[in-house]
Amino acid sequence: MSSLKVNQIKVRLRELFEPHLNVSDISPRDAERDQKVLTRCLAALAVSTVAGCTPKQAAESVWDGSGDNGIDAAYYDPSDQSVVFVQSKWINAGTGEPEAKDIGTFVTGVRDAIEQNVDAFHSRLHASLQDIFAQINTPGTSVHLAVVTTGVSQLAKPSTLHFERLLSELNGNDPHELVSWELLGLNEVYTRLASDPEGGRVTLEAQILDWSRVNSPYAAYFGIVDGYQLKTWWKRHGKSLVVSNIRHSLGGTDVNNEIRQTALNSPEKFWYFNNGITLIAEEAVVAPAKAATQSAGQFRFRGASIVNGAQTVSSLGRIENDTNLGLVRVPIRVILLESAPAGFGKEVTRTNNLQNRIESRDFVAQDPEQKRLKEEMAVEGVDYQFLRSEEVSPSASSCELIEVTVALACASGDPVLAVQVKSGIGKFFNDLQKAPYRTIYNPSTSGARAFNATAMNRHIDGWIERKKKSSSKKNGAAWGVLVHGNRILSAAVFRLYGLNRLSKPISDFRSEINDPAPIYRLCNDVHARMTSAIEKKFPDKFLAVLFKNPSHSKVVFEDAIQANR
């Protein structure tokens, strides 16, 4: 049966992905050409499944040739703000699994990518890696590893240990996971191709609790589903559940983490905190319209697609604790299109997703301190944009909330705040009445100080970028400080420059740093001391993890501000 499944998916895989693949490096006379092409098609399928992108986008993410450091495809998924790395293994027999040593190579390649070490990658991949590095270096970005194979759906212990060690090293006890992984075996590949791999609508089996039916003007059902059922949908169909016009607006990772934490820690409260999901379906094939009880109904929805709530489903789909998921209750409504006028489904999709999503940062609009800062900056000719807008344009005479928050955190004198702003700036806006938000936004923070810190931090960031471009060695402690320790470096430079100097009038401070040479000298000195501290005290530490750890970061910071060494 396994070999039959393998043969059945060959044609469909090649049909979907081969036209978009780069196979110029595989000779037509290569005895392993088919195996290599199918391996690349399989990698593209994994990217398409995990990220929900088109077959063309998925195929273009596949890395061709040797020197890939164990990584067969890499793709940035903007909808989940995650980087997807894939290793693929085509097995003709439909049984067995990738060798543990190959999994180890893959995990090592991911480590190198996270640490932004290009030495083990072929030079032809460096340009693609730079794009991936830019995303990994963005706070809030996660990394998802996928192994895809036409073999088993569960790896043996020697292989899983590679992933367990990596996740333990990078994630620790942090609820904001940096790295996750999954295995797509033959059964998952087959199911994916048997449904609609191009992201169309699917058929869903659903049990709806406390359900009711709306008959007019168009048929619909509403009720409650449990979290485990939503996980099952996600595992089976992935982003085929989500229609294309909302796929890239699923929200940020801070919201995803809050959803996961509620499900894990307070599942009984989930229904009260969550807006639920909206589903459209062509028809209800099986619906208990005349059932004696409406406490639980079994439904089959054909041509189904989630048009609102994809973030909820995807977040629950990645939770391992099935017991808690069974306790989670999520509001659901299903709108049937069979009796609705043509185009109604598109109208439902469009209007549901035109509703503005409120983010934590939006509540700063109600904070009098923000309005005061805007007024104080305006007096000195600076436009401070603290309301979320697509028209934000920072310049020499303007700034916006996020960059001001980063600058004030680094200029606070507290390295812990620099760690927090590096690991996830959304934490600053979770509660506007408490730290860390109130630590930097309070009556003692003047408009001049906020903008001066921002202007100086722009110089520091500029120095870091130029240093990265001029570095011949893009690995090791010196490189890691620039990539992962940039906010601690900035905090140390602020401390050495003099925090009180930031309170000068904006015009005076602008003249003072018009020649940024003194700032650049401090950057050089701090960078050297941070590098030395890491080499002496944390020689084997993964720097992506070190600079998420407040106590370790503080040790490096304290060494960096020792001017007389």
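This is a predicted model: local features need pLDDT of at least 70, side-chain atom pairs count only at pLDDT 80 or more; totals for chains, interfaces and linings use all residues.
## Helices α15 and α16

Helix α15 covers residues 401-410 and helix α16 covers residues 415-423; their axes are 7 Å apart and meet at an angle of about 150°. Since angles over 145 degrees count as roughly antiparallel, α15 is roughly antiparallel to α16.

Which residues make the contact? From α15 come Thr 405, Val 406 and Ala 409, while α16 supplies Leu 417, Ala 418 and Val 421. Sorted by class, this contact of α15 with α16 has five nonpolar residues, one polar residue and no charged ones.

Follow the chain on from α16 and you come to Pro 436, which sits in the loop between α16 and α17 (437-440). Is this proline buried or exposed? With a relative accessible area of 9%, Pro 436 is buried.

Setting aside neighbours within four places in sequence, Pro 436 is in contact with Leu 417, Gln 420, Lys 427 and Phe 428. For a sense of scale, the C-alpha atoms of Pro 436 and Val 364 are 14 Å apart in space, and the two residues are 72 apart in sequence.

## An aromatic cluster

The structure holds 14 aromatic pairs. One of them joins Tyr 221 and Phe 301: their centres are 6.4 Å apart with 55° between the planes, which makes the pair tilted. Tyr 221 belongs to strand β6 (residues 220-226) and Phe 301 to strand β9 (residues 296-308), so this pair ties together parts that are 80 residues apart in sequence.

Phe 301 has another ring partner to show you. Phe 299 and Phe 301 form a stacked pair, because their planes are at 10°, and planes under 30 degrees apart count as stacked; the ring centres are 5.4 Å apart. Ring pairs link Trp 211, Tyr 221, Phe 299 and Phe 301 into a cluster. Among its members, Tyr 221 is buried at 2% relative accessibility, Phe 299 is buried at 1% and Phe 301 is buried at 0%.

## His 144 in strand β3

Our last stop is a histidine. His 144 is found in strand β3 (residues 142-149), and a relative accessible area of 8% makes it buried.

What does the side chain of His 144 join with? A polar contact of 2.7 Å connects it to the side chain of Ser 180. Leaving out neighbours within four places in sequence, His 144 is in contact with Val 50, Val 83, Val 84 and Phe 85, as well as with Ser 180, Trp 181 and Glu 182.

Note on methods. Residues are numbered from 1 along each chain as its sequence is written. Side-chain values use heavy atoms; hydrogens and water are left out. Axes are lines fitted to C-alpha atoms, for helices over the stretch in contact, and angles run from 0 to 180 degrees between N-to-C directions. Helices (H or I, at least four residues) and strands (E, at least two) are DSSP runs, numbered from the N terminus. Angles under 35 degrees count as roughly parallel, over 145 as roughly antiparallel, 65 to 115 as roughly perpendicular and the rest as oblique. Contact means heavy atoms within 4.5 Å. Ala, Val, Leu, Ile, Met, Phe, Trp, Tyr, Cys and Pro count as nonpolar, Asp, Glu, Lys and Arg as charged, and the others, Gly among them, as polar. Buried means under 20% relative accessible area, exposed over 50%, partly exposed in between (1.4 Å probe, protein chains only). A polar contact is a pair of N or O atoms within 3.5 Å; within protein, one must be able to donate a hydrogen and the other to accept it, and residues adjacent in sequence count only if both atoms are side-chain atoms. Rings of Phe, Tyr and Trp (its six-membered ring) pair if their centres lie within 6.5 Å; planes under 30 degrees apart count as stacked, over 60 as edge-to-face and the rest as tilted.
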